[in-house]
Amino acid sequence: AIVTAAVASGEELATTSDVISSALAIWNMKEGDVAANAGRVADVVQMAANQSKLGMQDFGLAMQYAGAPAAALGVSIEELGTAMGIMSNNGIEASTIGTSLRSTFSRLAAPPKAAAAAIAQLGLQVKDSQGNFVGLDSIISQLRTSMAGYSNTEQVALMKALAGEEAYSGLLALVKTSPEAYQQMRDAIKNSSGSSQEAFEKMKKTMKGALEDMKGSI
């Protein structure tokens, strides 16, 4: 799966291996069918690249910051990849995507005073009946509805309170993305199985692809 993903993405084998291995560790997928899990990660990364500006290296950089808190809150790699892809399409760089999502997860899970006040004001349901995080998709959907009656300046203030001064632009980009565009990205990444292999078949026919394939085999 790693060799296939390297050829498909055009990235160095070492970079691809690092990103996929890190994802397997973050989401506890180094048990069971590791090959299938590695293929799943490769497909998510490949589809995120197809649907956004996120390349393999960008995905890894953003995941470096946001992956661990996302996994701890039960957010899947597909759900995180959807958010990262949308933020990338809104002109946000990989490192900022990662730190923005990390701050958002942290402040929603254990809200400081300003975030707690914004959550109460908007009537957000952050946890389910068992006390578990409801998921990023649910939060974004709730925010679209609850913020509809606020002015643009009030919306920015609320996003700052929820995500923090340095991270609110990322959360705002997610909320401002139309439900249709968000759903399109989510469906593409959720149904990404086989996308890495498909891109591999195309890329290996090129000279660069053939050389990457050979290096991977070696």
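Two residues are said to be in contact when heavy atoms lie within 4.5 Å. On that basis Leu-143 touches Leu-122, Leu-124, Met-159, Leu-162, Leu-171 and Val-175, with residues up to four places away in sequence not counted. The model is predicted, so that local features need pLDDT of at least 70 and side-chain atom pairs count only at pLDDT 80 or more, while totals for chains, interfaces and linings use all residues. Residues are numbered from 1 along each chain as its sequence is written, and side-chain values use heavy atoms, with hydrogens and water left out.

Leu-143 is also among the residues with the most contacts inside the largest nonpolar core, a list that includes Phe-59 and Leu-80. This core has 59 residues, a nonpolar core being a set of buried Ala, Val, Leu, Ile, Met, Phe, Trp, Tyr and Cys residues joined through side-chain atoms within 4.5 Å, where buried means under 20% relative accessible area with a 1.4 Å probe, protein chains only. Its largest share, seven residues, comes from helix α3 (residues 34-51).

The protein chain has 13 helices and zero strands, helices being DSSP runs of H or I with at least four residues and strands runs of E with at least two.

Some values for the whole protein chain follow.

| Property | Value |
|---|---|
| Span of the C-alpha trace along its principal axes | about 60 × 35 × 25 Å |
| Buried share of the 218 residues | 45% |
| Share of contacts with a separation of 6 or more that join residues 24 or more positions apart | 68% |

Key: Buried < 20%, exposed > 50% of the residue type's maximum accessible area, 1.4 Å probe, protein only.
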